[in-house]
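Here is a friendly briefing to read alongside the picture. Keep the sequence and the 3D view open while you go through the points.

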Amino acid sequence: MLILLWGLPGESPLAAVYEELVRLGIPTVLLDQRDVLDTEIELSVGSNIQGFIRTPYQNIDLGAVTAVYLRPYDSRRLPEIAKAGATSSAWQHAIAVDDALLGWSEITPALVVNRPQAMAPNGSKPYQLEQIRGLGFSVPETLVTTEPSAVQAFWECHGTIIYKSVSGTRSRVSRLGAEHVERLANVSCCPTQFQQYIPGRDYRVHVVGTEVFASEVISQADDYRYAALNTEATEIRACRIPQDVEERCRVLATAMNLPLAGIDLRCSLEGEWYCFEVNPSPGFTYYQQATGQPISSAIARLLAAGSCDRTSGGSDFLKTYAQGIANIVG
Amino acid sequence: MLVVVASRYDKAAEALVGSWAGQGASLLTCEDLSVVGWRHHLTSSKDSTAVVGGQVVGVEQIVGVLTRIPCVFEQELLQIVPADRSYVAAEMNAFLISWLSRLKCPVLNRPTPTYLLGPNWRPQQWLYAAAQLGIPVHPMRRYIALSGDVCPKPPEMPPVTVTVVGDRIFGSVDQALATQARRLADAAKVDLLAVHFSGSESGADFLGADLWPDISSPNVADAILEYLSGGGGKC
């Protein structure tokens, strides 16, 4: 058994999982992205996958890796690489290392939390919302448009609406107000996403394998993640959610092939549960610190359990996946 | 209406649209995404509209789509101020992924969340998928170091290409290779695929695959037209 973590050691979720794995005595290697210039990779792909990662401090046999936790940033954004510039060999090397490791993580039989392919739907919010709707959650009415008159009609129809990015870039939710009317003509430049505003209470649910950790978010902000910027208070506390909603979260994560997921829910004033988004690489420590929920410990156990099951032909996650699909179909 | 989603610089796509003029084919470029008229309702396609070749059309009028761009390139967004091009390209790309995925008509190929042309597999992923299907492969070796990478050498002989369009297979190859190509397309869940082999005989090695087949071949173009017109197309 060998667990590979890849990212920046000081980054909170990665550090928390690493600490748990060490505490549990599970063989773990942390590949520090900052060592990218000293990182060498050897990869051979045919009917099976073999390879090594070598740094001045480590020699990792990829064939021995049984589970992976991915938290990499784009290596081109590392100060050393950015400074070297796009034409430098350092830049090209960083791209090659990222590409090789992400490519390997797509096909390795090891448990990967989470595979890049499974994380990708989060990059197109309406695409992911359609997946979420298909898996049994209510989603807000959504319009993506270049037509100012269509926005006006949508606004009049729903009373209050919000706008947010279509992609994962600058993904922040804001309510549309009178101050935006003059700028509505700008939507003609690029399809822009608008959603019906759902009043209610926010919840963040972390699914780790089959474990579910729910927290309630008390905030007046349109997007509580940015509440502090407007000096608005946010309170997060552990809670229980109805069992059927909990089960739907499990099914959602499973069907989306995400052993780890951060699911954003809102319970409307009428008691209807809406899902806005599934975060495939959640910064769970923000919630763990506020609630005391042992999320990093659950991730560590998932990584260890996933690796144990590999030799018997499938992880717990895969079993849950099959069950989740059966539930959806059934 | 048939729609070809392509770069404004894609001459092959332009020629294809020209040859399909009788079928009402039109080119959809990134410029169309900066025109008033798009309405994409997520929960219903009723009242949804698109802009194709500068004209607003009802989505239900579109009977088939061929996609020829892997993503929206910011370099093509000349209508957008330079400072915003990168963000707008990401937004347009994310929008097209959703829009193309939701269409009820045949789409070659359906996009994936990372690639408008279909699954954005790296060469080693295609190779691994082929090997899992029992197709003969040569292991692909790669060595990456700051001192210099060693990448796979290109084949000494030009590869033999098999093009898959739905159930039709093009290329002068043994039937076994044609079958392998179709099986690989099934594994990738695509209906348009170019598969490269080391030779035309049974037992040839798989060399690679891509989602960018040569559409200038009249046979391939006809097969695409037939697929999009409902003959073998999957909705």
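About 4,100 Å² is buried between chain B and chain A, and carbon and sulfur atoms give 59% of that area. Buried area here is the accessible area (1.4 Å probe) that two parts lose on being put together, summed over both. On the chain B side, B:Leu42, B:Ile144 and B:Leu146 lose the most area to chain A, together 16% of what that side buries.

This is a predicted model, in which local features need pLDDT of at least 70 and side-chain atom pairs count only at pLDDT 80 or more, while totals for chains, interfaces and linings use all residues. Residues are numbered from 1 along each chain as its sequence is written, chains are lettered from A and ligands numbered from 1 in the order in which they are written, and side-chain values use heavy atoms, leaving out hydrogens and water.

**Where the chains meet**

- In contact (heavy atoms within 4.5 Å) are 44 residues of chain B and 51 residues of chain A.
- The rule finds 22 residue pairs in polar contact across this interface, both residues being at pLDDT 80 or more. A polar contact is a pair of N or O atoms within 3.5 Å; within protein, one must be able to donate a hydrogen and the other to accept it, and residues adjacent in sequence count only if both atoms are side-chain atoms.
- Strand E3 (39-41), helix H2 (85-102), helix H3 (123-132) and strand E8 (140-144) of chain B each supply at least two residues of the side that touches chain A. Helices (H or I, at least four residues) and strands (E, at least two) are DSSP runs, numbered from the N terminus.
- H2(B) gives the most to that side of chain B, with 11 residues.
- By class, the side of chain B that touches chain A has 25 nonpolar, 12 polar and seven charged residues. Ala, Val, Leu, Ile, Met, Phe, Trp, Tyr, Cys and Pro count as nonpolar, Asp, Glu, Lys and Arg as charged, and the others, Gly among them, as polar.

**Links between the chains**

- Strand E8 (residues 142-145) of chain A runs antiparallel to E3(B), and three bridges join them. Two strands pair if DSSP finds at least two bridges between them.
- Within E3(B), B:Arg39 is the bridge partner of A:Thr145.
- The side chain of B:Arg39 also meets that of A:Glu147 in a salt bridge (3.4 Å, N to O). A salt bridge is a side-chain nitrogen of Lys or Arg within 4 Å of a carboxyl oxygen of Asp or Glu.

**Chain B as a whole**

- Chain B comes to five helices and 12 strands.
- Its radius of gyration is 19 Å, close to the 18 Å that the globule rule gives for 235 residues, so chain B is as compact as a globular protein of that length. The radius is taken over C-alpha atoms, and the globule rule is 2.2 Å times the number of residues to the power 0.38.

**Details inside chain A**

- A:Arg71 and A:Glu11 form a salt bridge, with their closest N and O atoms 2.4 Å apart. The two residues are 60 residues apart in the chain.
- A cis peptide bond, with omega about -10°, joins A:Val113 and A:Asn114.
- Strand E9 (residues 161-164) pairs with strand E11 (residues 192-196) of chain A in the antiparallel sense over four bridges, and A:Ile162 stands opposite A:Gln195.
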